[in-house]
Amino acid sequence: NRLLQGDVGSGKTIVAGLAAAILTEHGAQTALLAPTSILAVQHFNTLTRLLASGENAAFPFRPEEIRLLVGDTPEVEKAEIRALLAEGRIKLLIGTHAVLEEPVVFKNLHLAVIDEQHCFGVEQRAILRAKGQNPHLLVMTATPIPRTLGLTYYGDLDASVIDAPPPGRGQIKTYLRGVDRLPKVWTFVREQL
């Protein structure tokens, strides 16, 4: 039971992916739960790129062992994912609340990862954990939580903080702009997108 706190881009997803890779060597499965489809797709793309390759034996996963399950997943694909998951052929399932649905059954769930954990309630965490036999739990957040508050609120969790950015990462800059600057803000957003 661990809370992992770190800024956006600090490497929390990599920590979760490496934990999943270690467990998959022993035939175990991992579920990574994200609050939105956009974030789930981002995790899926990142972890597939970093941890799965069809030809390279050095990668811990084959591409078909990592799957994405979100509300918009077509029903035919959902049925296929559920069947492969129950057989243990999917080792890492990344998804949204769709992962919590009753027809989703894991063969050997040993790690439950919940990103942006404050978006999920106690009951939702319990539903995910109940899909395995007391699986390890890793909850992740980019929201700074003071240690004293963390111990009070998440007393059952050990806490780890990633307090240094990965090498080569650019500096994060945050700006506050008034309503009078809104047209310039939207211009900037369009250029970035």
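Colleague: Which residues does Thr30 touch, not counting residues up to four places away in sequence?

Modeller: Thr30 touches Ala20, Leu23, Lys91, Leu92, Leu93, Phe106, Leu109, Leu111 and Val113. Touching, or contact, means heavy atoms within 4.5 Å. This is a predicted model: local features need pLDDT of at least 70, side-chain atom pairs count only at pLDDT 80 or more, and totals for chains, interfaces and linings use all residues. Residues are numbered from 1 along each chain as its sequence is written, and side-chain values use heavy atoms, with hydrogens and water left out.

Colleague: Where is Thr30 found?

Modeller: Thr30 is found in strand E2. Strands here are DSSP runs of E with at least two residues, helices are runs of H or I with at least four, and both are numbered from the N terminus.

Colleague: Is Thr30 buried or exposed?

Modeller: Thr30 counts as buried because its relative accessibility is 1%. Buried means under 20% relative accessible area, exposed means over 50%, and partly exposed is in between (1.4 Å probe, protein chains only).

Colleague: And how many residues of E2 are buried?

Modeller: Five of the five residues of E2 (residues 29-33) are buried, so the strand is largely enclosed by the rest of the structure. Gln29, Ala31 and Leu33 point one way, while Thr30 and Leu32 point the other way.

Colleague: Why do side chains alternate in a strand?

Modeller: In a regular strand, side chains alternate between the two faces of the sheet.

Colleague: Which strands does E2 pair with?

Modeller: E2 pairs with strand E5 (residues 109-115) in the parallel sense, over five bridges. Thr30 stands opposite Leu111 there. E2 also pairs with strand E4 (residues 92-95) in the parallel sense, over four bridges. On that side, Leu32 has Ile94 as its bridge partner. Two strands pair if DSSP finds at least two bridges between them.

Colleague: What about E3 and E4?

Modeller: E3 and E4 pair in the parallel sense over four bridges. Leu69 stands opposite Gly95 in E4. In E3 (residues 66-69), Ile66 and Leu68 point one way and Arg67 and Leu69 the other, and all are buried.

Colleague: Switching to the whole protein. How many helices and strands are there?

Modeller: There are six helices and seven strands. From the N terminus on, they run β-α-β-α-β-α-β-β-α-β-α-β-α. The radius of gyration is 18 Å, close to the 16 Å that the globule rule gives for 193 residues, so the protein is as compact as a globular protein of that length. That radius is taken over C-alpha atoms, and the rule is 2.2 Å times the number of residues to the power 0.38.

Colleague: What share of the residues is buried?

Modeller: Buried residues make up 41% of the 193.

Colleague: Now the surface. Which residues form a nonpolar patch?

Modeller: Ile14, Leu18 and Leu50 form a nonpolar patch, with about 230 Å² of accessible area together. Leu50 is in helix H2 (residues 37-51). Leu50 is partly exposed because its relative accessible area is 37%. Patches are made of residues with over 30% relative accessible area and no salt bridge; like charges are joined within 9 Å, nonpolar side chains (Val, Leu, Ile, Met, Phe, Trp, Tyr) within 5 Å. A salt bridge is a side-chain nitrogen of Lys or Arg within 4 Å of a carboxyl oxygen of Asp or Glu. Areas come from the Shrake-Rupley method with a 1.4 Å probe, and for residues only the protein chains shown count as cover.
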